[in-house]
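Please inspect the sequence and the coordinates shown below.

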Amino acid sequence: MEAAARFCSACGHAVVATQTEERRVVTVLFGDIVGFTALAELLDPEQVKRLIEGAFERLVDDVTAFGGRVDKLLGDGILALFGAPVAHEDDAERAVRAGLRMQQTLAELVAASSPDHALQMRIGINTGEVLVGTLAGTDYTAMGDVVNTASRLQAEAPPGGVLVGEATFALTADVIEYGAPTELQPRGREHSITTWLAVDTLVPPGARQRRTDLRLVGRDGELALARAALGLAMRDRRSLLLNVVGESGVGKSRLIDELLGTLDDIGFGSATVLEGSCAPYGEANVWSPVAMALVSHLGLDPSLSADDVRSRANAKAELLLQAESSAREAASATEVFLHLLGYESDLDRLEPPARRDLVNRIVARVIELRCEKTPLILWIDDLHWADPVVIDVLRHLVSTINRQPFVLVTSMRPGIDVVWPPADDQSTHPRR
Ligand SMILES: Nc1ncnc2c1ncn2[C@@H]1O[C@H](COP(=O)(O)OP(=O)(O)OP(=O)(O)O)[C@@H](O)[C@H]1O
Ligand SMILES: [Mg+2]
């Protein structure tokens, strides 16, 4: 069909220009490399090109992992949109998390590849209504005051910092830790703008800070039922699956917090509680919920070097499996721990089914042996966001551990494509 045609040459229908622009609330992230000019003076142009290209590849991955879209790469700068063309309920939060992650990525990259060069980035983030679309025949982009302000925020951010505007702050203050507000008077503007420097994340993606200053109300029945089931499982050394289902904000996590926080009252203060939660985005390690639960238990810190993790994982594997198992099984357990924590391991060389079987077997074995000493409670929150491999290992735990004081507590939102609980289990499911 001719570009200027008014009718389709195949079917004769009138050609209607599709709407190419619309107003939308988006969060705009601007990032700009600091020290680029100095770097260009110090290094060969090829080296600079390699360094910058390598960095941007990783930074673009960060934006995408958090559900944003890179709108433009501008030499040593990056413009990303969160909320267009695809919108999420928490785009502002995703943008700030992505900004913090990008700073971390760049710092790691510089430390690993060119520690002598102070390559840093300023990031500015702003939320508001913009005009998005293929404006004036350009590629998909955003325009408006919000975009300009994001660019100003970027220019005012300290190197290595993420500076946000008022609307972004208001939407994310519960989940991001910020420094004190600072007034900015941008040149050529009548009004000053208030800005905040993002310091850290307060909770993982998808998690909410739960208010515990207010007493739990109206859950006596659910709590009594859950406590009775838990007590029975521990006293009779029987495994139990407690699956709490309910819409977002109804109080699933709070109920479980309350239950596990009062184990002493029902005489099970000696139980070990391991916790992990599933994230909706931004988590590269699909095993993260299981890894989170194991990390504290194994005394492993993800910031340790791979060699340190390997030797500690090995010591822990030998201790956990002890005389019960062969040296070969302890070695497999070490590799499984490394794999779960996202490190390279022998499991990388296995086919997915074999890898899954090995993880399932070792995780079940470790939990089983652990339960012989004290009761063990594994709580995996927000299962609706779990990767299938996590569902699979939990299903394996439920079907293989029977005669042990093992309680698996899960929570999930209804109507989501996750088959849970497994059809053939014999568990108790208080629902709400
Ligand atoms: N029965 C209750 N009494 C007092 N406060 C409650 C009660 N239930 C929930 N809350 C409070 O409501 C807020 C939301 O609860 P919670 O985070 O447990 O919801 P959720 O069901 O886990 O939601 P999501 O699916 O988003 O994880 C929390 O601050 C929690 O402390
Ligand atoms: Mg919850």
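The points that follow concern the ligand site, the helix packing and the backbone features of this model.

The structure is a predicted model.

**Ligand site**

- Valine 217 places a backbone N or O atom 2.7 Å from a nitrogen atom of ligand 1.
- Serine 248 contributes a polar side-chain atom, which lies 3.0 Å from an oxygen atom of ligand 1.
- Valine 250 has a backbone N or O atom 3.3 Å from an oxygen atom of ligand 1.

**Helix packing**

- Helix 2, residues 45–65, packs with helix 3, residues 91–113, at an angle of about 150 degrees, and their axes are 9 Å apart.
- Angles over 145 degrees count as roughly antiparallel, and helix 2 and helix 3 are therefore roughly antiparallel to each other.
- The crossing between helix 2 and helix 3 is right-handed.
- Helix 6, residues 220–235, and helix 7, residues 252–261, have axes that come within 10 Å and cross at roughly 50 degrees.
- This angle makes helix 6 oblique to helix 7.
- Where helix 6 passes helix 7, the crossing is right-handed.
- Helix 9, residues 306–321, and helix 10, residues 327–340, cross at roughly 135 degrees, with axes that come within 8 Å.
- Helix 9 is therefore oblique to helix 10.
- A right-handed crossing is also found for helix 9 and helix 10.

**Backbone features**

- The peptide bond from alanine 84 to proline 85 is cis, and its omega is near -5 degrees.
- Proline 85 is located in the loop between strand 3, residues 77–82, and helix 3.
- A cis peptide bond also runs from tryptophan 420 to proline 421, with omega near 0 degrees.
- Proline 421 belongs to the segment after strand 13, residues 406–412.
- Arginine 237 is not a glycine, yet has a positive phi of about 50 degrees.
- The loop between helix 6 and strand 10, residues 240–245, holds arginine 237.

Note on methods: Residues are numbered from 1 along each chain as its sequence is written. Chains are lettered from A and ligands numbered from 1 in the order in which they are written. This is a predicted model: local features need pLDDT of at least 70, side-chain atom pairs count only at pLDDT 80 or more; totals for chains, interfaces and linings use all residues. Side-chain values use heavy atoms; hydrogens and water are left out. A polar contact is a pair of N or O atoms within 3.5 Å; within protein, one must be able to donate a hydrogen and the other to accept it, and residues adjacent in sequence count only if both atoms are side-chain atoms. Axes are lines fitted to C-alpha atoms, for helices over the stretch in contact, and angles run from 0 to 180 degrees between N-to-C directions. Helices (H or I, at least four residues) and strands (E, at least two) are DSSP runs, numbered from the N terminus. Angles under 35 degrees count as roughly parallel, over 145 as roughly antiparallel, 65 to 115 as roughly perpendicular and the rest as oblique. A crossing is left-handed if the near helix is turned anticlockwise from the far one by less than a right angle, and right-handed if clockwise.
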